Amino acid sequence: MSTSKRVVIEPVTRVEGHGKVSILLDENNKVTQARFHVVEFRGFERFIQGRPYWEIPVLVQRLCGICPVSHHLAAAKAMDRIVGADKLTPTAEKIRRLMHYGQMFQSHALHFFHLCSPDLLFGFDADPKIRNIIGVAVKFPDLAVQGVMMRKFGQEIIKATAGKKIHGTGAIPGGINKNLSITERDAFLKDIGQMLEWARAALNIAKDYTVKNLDKLKPFGSFDSNHLSLVRKDGAMDFYHGNLRAIDATGKKIFDQVDYSNYLDYIAEEVKSWSYMKFPFIKSLGPKTGWYRVGPLARVNTCDFIDTPEAEKARKEFMALTGGRPNNITMAYHWARMIELLHAIEKINELLHDPDLQGTDLIVKGKRRNEGIGLLEAPRGTLFHHYRVNDDDQIVMANLIVSTTNNNEPMNRAVQKVAADHIDGAPKITEGLLNHIEVAIRAYDPCLSCATHALGKMPLMVTLYDHNGSEIETKTK
Amino acid sequence: MFADRKKILLIGFGNPARADDGLGPALAEKIESKNLSLVTVEADYQLTIEDSAQAAEHDIVIFADASADGAEPFSFEPVVAKYSDGFSTHSVEPAHIMALAESLFGSKAKGFILGIRGYEFDRFGEGLTDKAKANLKKAVDFFEGYIQRKTMDETSIATGKRNT
């Protein structure tokens, strides 16, 4: 063993990806094209072929280290269909919901406090030397601690409901394998008031920043788009289950209350030669105009209401900003995300007071099927899991459309808009341009690990090309 | 000190579905099965910010990870607390965890990286390569020895005897 040589820990296979942006200029150094490339490795669908279906809810968690619960639950929902469990027991559904809301809470808290809050607290034009988590820790230490503790609270809920943080086994085909004990419940209830208070404060930061800087934020990486999400039968926001609804930029419904088992009749994926990541679109509109946004902004735009009082009040304020029409401001993702953060903790509070969580009827079964489709709203947007199983219980086909893939075209549009707005005749990647591209992509909270199943760490790399296609400059952040 | 709390936090991280990248969690699993009284064991796909809160509750934090080109069979190096600024990755480095623990929670914990050399990372698939398994065994032995030495050090301090 050597202790003198410096160890290089290369997280080459960490569940991450990397983002590469290429910008093409014309002869006058105006942007003609900007693209957000993602190196994709779609090996996972093949990896799980041949595996028994009951292993899948555990296996798919390895797709993503940051939201394994989303994959765990989407796969479990698909496997419910395989085992013919069309309606779970109240305990099973509520435990799964608690797990999912815990996931939403921790994921949104992590993004807001650790990645986005420097932009909001210091302004995204602030010096990058200050505009980072170090700056937040120095100037707003309480907020930084809150972010860590909120994330921890959500993770503890996942641990209590899924069994453990890694390879959680809580959701199984047809139900769950454990309920929530009174002791576990009481431990969470002890902290719930604090979590609610911090979530309200985080929402206010995002709202105040957006309203105060509206003139600047309105055009920043923004564009009209369609929006897609699951909604409940009564039109309420629902992260765990619902039917598909798509609206256009004005709020007009493109389709509504579509049973997600029929998603292939409504959604298709386009392949483009320059990107390994597919481009989903609404079939009836075609690839040119049928692309859509998913995630917090889309969910707040598509739902008719939120069924918790404080988040609903916040949603109304949000929608009032655009006169009740869909909000198409890219930077409004942050505000929408914090509305969802508050909704998630309100739902957790509601669930923790429900005695069904201590029920013992955990699993149901029905008539076996050979195909299962499970959708849910993951932190970053709608997540599709689709499987076929043979008579020997082995997976023979898997198709996953992950949230970040759904946002592929919008992220490209945001990059194009920002690049066009910030490169003004000088063929140079300025610090400002790099920062603005980063801020625009970050609004979508892309999880390139899921989208790419990629090898390699995730730097943001921006390359500028002249009109002949020759590289002018590359910068990495 | 030992009577009040666990002293050493071991976090094994990596993706077990990517061959030798599972070395960190594999070490965590083996150490956990030994039920060492001084050690808290965690395993995860990647490090995340809340690890800083747990790090601050311990005196020593050891991050066990697969190493793609480090020394064989493993290396053991101190971690210098240092912030890193991410673009959108949600995975953070050991140095960042230690910096957060220090600045947000007043931690004085010492950090180390146990980098276990792996060889195959490019495929989806569970199971370590034979060479990685051999390195893992040596890393487990080293870790146990390290804990024993720490225990003896603490005992010596508590009883006023110097460990030679």
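A residue is called buried if 20 or more other C-beta atoms lie within 10 Å of its own, exposed if 12 or fewer do, and partly exposed in between, with C-beta atoms placed from the backbone. The exercises below apply this and related terms to a predicted model, in which local features need pLDDT of at least 70, side-chain atom pairs count only at pLDDT 80 or more, and totals for chains, interfaces and linings use all residues. Residues are numbered from 1 along each chain as its sequence is written, while chains are lettered from A and ligands numbered from 1 in the order in which they are written.

**Exercise 1. Helix 3 of chain B**

Task: Determine which residues of helix 3 of chain B are buried, and what covers them.

Solution. 
Step 1. Helices (H or I, at least four residues) and strands (E, at least two) are DSSP runs, numbered from the N terminus. Helix 3 of chain B comprises residues 94-105.
Step 2. The expected span of a helix is 1.5 Å times one less than its number of residues. For the twelve residues of helix 3 of chain B this gives 16 Å, and the end C-alpha atoms are 16 Å apart, which agrees.
Step 3. The buried residues of this helix are B:Pro94, B:His96, B:Ile97, B:Met98, B:Ala99, B:Leu100, B:Ala101 and B:Leu104.
Step 4. Two residues are in contact if their C-beta atoms, placed from the backbone, lie within 7 Å. The cover over the buried residues includes helix 5 (133-139) and helix 6 (141-162) of chain A, and also helix 2 (51-55), strand 3, strand 4 and strand 5 of chain B.
Step 5. After helix 3 of chain B comes B:Gly106, with a positive phi near 65 degrees.

**Exercise 2. The sheet of chain B**

Solution. 
Step 1. Two strands pair if DSSP finds at least two bridges between them.
Step 2. Strand 3 (residues 60-67) and strand 5 (residues 110-117) of chain B are parallel and share eight bridges. One of the bridges links B:Val61 to B:Gly111 in strand 5 of chain B.
Step 3. B:Lys110 belongs to strand 5 of chain B and is partly exposed, because 15 other C-beta atoms lie within 10 Å. B:Lys110 is 48 residues from B:Ile62 in sequence, and their C-alpha atoms are 8.5 Å apart.

**Exercise 3. Strand 6 of chain A**

Task: Identify the pairings of strand 6 of chain A with strand 5 and strand 7 of chain A.

Solution. 
Step 1. Strand 6 (residues 243-247) of chain A is largely enclosed by the rest of the structure, because four of its five residues are buried.
Step 2. Strand 5 (residues 226-231) of chain A runs antiparallel to strand 6 of chain A, with five bridges; A:Leu228 has A:Ala246 as its bridge partner.
Step 3. Strand 7 (residues 253-258) of chain A is also antiparallel to strand 6 of chain A, through three bridges, and A:Leu244 is partnered by A:Val258.
Step 4. Strands 6 and 7 of chain A make a hairpin with five residues between them, and A:Gly251 in the turn has a positive phi of about 105 degrees.

**Exercise 4. Backbone exceptions**

Task: Locate the cis peptide bond ending at B:Pro73, and state the phi of A:Asn29 and of A:Asp393.

Solution. 
Step 1. Most residues other than glycine have a negative phi, and most peptide bonds are trans.
Step 2. The bond from B:Glu72 to B:Pro73 is cis, with omega near -5 degrees; B:Pro73 is in the loop between strand 3 and strand 4 of chain B.
Step 3. A:Asn29 has a positive phi near 60 degrees and sits in the loop between strand 1 (19-25) and strand 2 (31-38) of chain A.
Step 4. A:Asp393 has a positive phi near 70 degrees, in the loop between strand 12 (381-389) and strand 13 (395-401) of chain A. A:Asp393 is partly exposed, with 14 C-beta neighbours inside 10 Å.
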